Amino acid sequence: MGLREKLTNNRFFKSIYREGYPDTDRKRVLVIINSLALHLHPVRIPKKALKVSYTWGLGGLSIWMFVILTITGVFLMFYYIPSVKDAWWSIININTNVYFGAFMRNMHRWAAHAMVILVLLHMTRVFYTGSYKPPREFNWVLGVVLLTVTFLLSFTGYLLPWDQLAYWAITVGAEMGGSTPLIGKQINVALLGGYQIGQSTLIRWYTLHVIFLPLTLIVLVSMHFWRVRKDGNISTPVYPAPVEATAGSPADGDGAPEPSDEAAEEASGEAEEQAES
Amino acid sequence: MARVMQHEEEEKVIEDPGERVHVWPHLVSIELVGALIYLLALSLMSIFIRAPLVDLANPEVTPNPAKAPWYFLGLQELLLHMHPALAGVIVPGAVLILLAAIPYIDRTRAGTGIWFSTPKGLPITKFSAVYTAVWVVGLVLLDEYLPAGEGAHGISPLLELYGFPPAVGDIFVPLVFMTFIPWSLAVIVKRRWNANTREIIIALYTFFLASFVVLTIIGTAFRGHSMQLMWPWEIGAPEGLMER
């Protein structure tokens, strides 16, 4: 009995993945259908889409950065104190006294920069491959909103160490916001939580950074993933339809997507499973 | 499996994804390897490169230069050349709205799933990038060095010298350039390549991307003391920022 057999052919593993290790085509279908995380994917994808030089995996790596940021961020929250008096000293504490503190803070910072770059590159990839075209229009819009949320997450985090960089970045940012036509003053007060930079500013940006913006991102990115599936999975080339191909097709002028063959496959997979039990 | 879809404007296309493979193991293995490579790279970076932390915030000491995080340095560069409402609010707002509008302007399905869509796409992208970069660098240099009398430099001070109100140099002239450059680019691409909507949109997105990249590089590596233009090796440590 090989090691893989030992690990996968037992009661506990099978309580999670009922079919055991996916070594047959049927099990490869079921492992995707039965797993919440893997179900983000279709069961099968075009071989073309596997080419790394088509997508460079940029969307997936963006969300991977978000996962790393969440884990390192929670770690930092154990030690960070969001008060004007203590914030900077708590960072010094993280850097010098906390086991793995400096490592986790460094990783949080570098993953944050990486996420901004990856999201920008992902947008650029989607643009140049024409993957925003119908029926994916709205997912592109969601993507633009997610780009904005990414910028906001990064910028709100930039302020938390309460060092000179942070303080003067808020100053510049609040002045820019304050120059908005008509409602500049109101925006300035909303950004600062008052008329000058202080405790109310810090707690405001902290709350946005650790609760509101991550939750917003999770909700929006769930919609983003959902729509990738609903809009026909990864984009593949389309060709002008030859005349005889359209002649026989029923009138589906409303553009509603037909049930995909994955859906049919999944349905049959589920039926198969039910028949088995 | 080919299927036929009919869309508005009677565009009839066939989606032909070709041969298909199982996600397990073909895709999940690639994803796992990619995730592990990134985790490893980030870990090494986090071991060897420290995240910056400077002195405690001090309202009395203004750093010089005071720079935003790198992804806002393009906007901060714009701020040197135009009214803050334009650079800080209206331009980024308009850019986001126009980006979101792209699929509602370019509504055809042809060209999906192919890098640069058509054989003309890549040459148009390269031309647009160079065209934009030349304009942006040229305008930044012009605004920095154009003599405007009594040691002053720049387009706006020169116009004020000739009696124009500040709004002309700070708002009108930047708006003219920010409309003229993409418009002229679209006209050139249309004439030279007989470009369709998708190809014109490629030119305009490239205009956005190249502006962002060039402005960010200028703001990051070519702006030193008092935000003056200089070579990267001439930029010393900023005043008022002591690394901890």
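Reply:

**Salt bridges and their surroundings**

Over all chains, a search of the whole structure, which is a predicted model, finds nine salt bridges. As a general point, side chains of opposite charge can pair when their charged atoms come close.

A:Arg28 forms a salt bridge with A:Asp25, and here the closest N and O atoms are 3.1 Å apart. Both of these residues lie in helix α3 of chain A, which covers residues 25–34, and they are three residues apart, about one turn of the helix. A:Arg28 counts as partly exposed because its relative accessibility is 22%, a value that lies between the limits of 20% for buried and 50% for exposed. A:Asp25 is likewise partly exposed, with a relative accessible area of 46%.

A further salt bridge joins the side chains of A:Asp86 and A:Lys85, at 3.9 Å from N to O. That distance falls within the 4 Å cut-off for a salt bridge. In this pair A:Asp86 counts as partly exposed at 26% relative accessibility, whereas A:Lys85 counts as exposed at 66%. In chain B, salt bridges that share partners join B:Glu77, B:Glu144 and B:Arg223 into one network.

Charged side chains also lie over aromatic rings. A:Arg125 lies over the face of A:Tyr54, at 5.4 Å from the ring centre, and A:Lys230 lies over the face of A:Trp226, at 4.7 Å from the ring centre.

Turning to the rings themselves, a search of the whole structure finds 30 aromatic pairs over all chains. One of them brings together A:Phe100 and A:Phe103, whose ring centres are 6.4 Å apart and whose planes stand at 75°, so the pair is edge-to-face. A:Phe100 counts as exposed at 63% relative accessibility, while A:Phe103 counts as partly exposed at 22%. Elsewhere, ring pairs link residues from chain A and chain B into a cluster, the members being A:Phe127, A:Tyr128, A:Tyr132, A:Trp140, B:Trp115, B:Phe116, B:Tyr205, B:Phe208 and B:Phe212.

Nonpolar side chains can also be followed on the surface of chain B, where B:Leu40, B:Leu44, B:Met45, B:Ile47, B:Phe48 and B:Ile49 form a patch with about 610 Å² of accessible area together.

Of the contacts in chain A with a separation of 6 or more, 66% are between residues 24 or more positions apart. Chain A exposes about 14000 Å², and carbon and sulfur atoms supply 67% of that area.

Methods
Residues are numbered from 1 along each chain as its sequence is written. Chains are lettered from A and ligands numbered from 1 in the order in which they are written. This is a predicted model: local features need pLDDT of at least 70, side-chain atom pairs count only at pLDDT 80 or more; totals for chains, interfaces and linings use all residues. Side-chain values use heavy atoms; hydrogens and water are left out. Rings of Phe, Tyr and Trp (its six-membered ring) pair if their centres lie within 6.5 Å; planes under 30 degrees apart count as stacked, over 60 as edge-to-face and the rest as tilted. Buried means under 20% relative accessible area, exposed over 50%, partly exposed in between (1.4 Å probe, protein chains only). A charge sits over a ring if NZ of Lys or CZ of Arg is within 6 Å of the ring centre and within 35 degrees of the ring normal. Patches are made of residues with over 30% relative accessible area and no salt bridge: like charges are joined within 9 Å, nonpolar side chains (Val, Leu, Ile, Met, Phe, Trp, Tyr) within 5 Å. Accessible areas come from the Shrake-Rupley method with a 1.4 Å probe; for residues, only the protein chains shown count as cover. Helices (H or I, at least four residues) and strands (E, at least two) are DSSP runs, numbered from the N terminus. Contact means heavy atoms within 4.5 Å.
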